[in-house]
Amino acid sequence: MPETGDAMRQRVRAVLREYPDSQRAFAEEIGLDPTKLSKSLTGIRRFTATELTRIARIGNVTVNWLINGSDEADTVSAVPQRTARRPIRGGDSGRYRQILDAAWRLIAQRGYHAVRVSDVAEACGTSTGTIHYYFPGRDDLLTEALRSSVQQAFDRQVAELHSIEDARERLLRLVELQLPTPGALRLEWSIWLQVWNETALRSELRVLHADSYTRWHDTIERTIVEGQQQGVFIDTDPEELTMALTALIDGLGIQVLTGRPGRTVERMRRTLYNFVQREIFRN
């Protein structure tokens, strides 16, 4: 069970103590009014899922650590395998995060092969030498962008799902969190599409890709197993159900991103909900 209350607030305070600016600036960076931050830190108000994911990113920690006290804690979402985790850095984490965020966004928006190291340097207001200090080769920008996407998905799922006990509600929420809606989710999909393409051509990326994808697969499968234990999902091989659902999500997501006529996020949502209710839920 996740820890709540004082323990989580103490960990948020620990992140705040390491923050290089004021509490007001911290609140602004997570998109929160300073008064609401104070209320959340004293327990009068609860942090939202979005706020927890932003706090984790600013502090270079995981939402799992914020909520459960450990990166490795068993939770509603499968923990990323070590090869698929972005590194936790020390005092230079602010600059590293700035560069990674800029590279992640540029690759998602322009495409990996169209982004130069000088583009990332310009976006960060720094030199190419600084970029190479943190990312020795251009390929490192792509692999770390994938690790960043894996971490963002993990943090988002833990923050959104940790309080949902009903497996049906949790599975539908997982589907919703995977839709390529405008903004960060669509950019994450763009990163994944480019990684799939590069992995098909370059065998050296396959271990990282497999370990990254395993986290998503295992999150779906453990939710299905829990639903079967609750008696609300059909008693079919959970691996088979997981493979079918993830394949459908991937295929529809690609069609939405590539602009196939008639393939919209709303239609993708409707198709996935119908599949889950017809093939997984016990009627």
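How far apart are the mean positions of the positive and negative charges of the protein? For the 38 positive and 38 negative charges, these mean positions are 5 Å apart. Lys and Arg are counted as positive and Asp and Glu as negative, while His and the chain ends are left out. Each charge is placed at NZ of Lys, CZ of Arg, CG of Asp or CD of Glu.

The model is predicted: local features need pLDDT of at least 70 and side-chain atom pairs pLDDT 80 or more, whereas totals for chains, interfaces and linings use all residues. Residues are numbered from 1 along each chain as its sequence is written, and side-chain values use heavy atoms, without hydrogens and water.

**Whole chain**

Start with a cartoon view of the protein. It shows 14 helices and 0 strands, taken as DSSP runs numbered from the N terminus (helices: H or I, at least four residues; strands: E, at least two). The radius of gyration is 20 Å, close to the 19 Å from the globule rule for 283 residues, so the protein is as compact as a globular protein of that length. That radius is taken over C-alpha atoms, and the rule is 2.2 Å times the number of residues to the power 0.38.

Next, colour by burial. Buried residues make up 50% of the 283 residues; buried means under 20% relative accessible area, exposed over 50%, and partly exposed in between (1.4 Å probe, protein chains only).

**Salt bridges**

Side chains of opposite charge can pair when their charged atoms come close. A salt bridge here is a side-chain nitrogen of Lys or Arg within 4 Å of a carboxyl oxygen of Asp or Glu, and the count comes to 19 salt bridges.

Select R9 and D6, which form a salt bridge at 2.4 Å, N to O. Both are in helix α1 (residues 6–18), 3 residues apart, about one helical turn. R9 is buried at 15% relative accessibility, whereas D6 is exposed at 55%.

Now select R222 and D74, a salt bridge at 3.2 Å, N to O. R222 is in helix α12 (residues 206–230) and D74 in the loop between α5 (63–68) and α6 (93–110), 148 residues apart. R222 is partly exposed at 32%; D74 is exposed at 68%.

Then go to E188 and R156, whose closest N and O atoms are 2.8 Å apart in a salt bridge. E188 belongs to helix α11 (residues 184–201) and R156 to helix α9 (residues 138–161), so this pair ties together parts 32 residues apart in sequence. E188 is buried at 5%, and R156 is buried at 15%.
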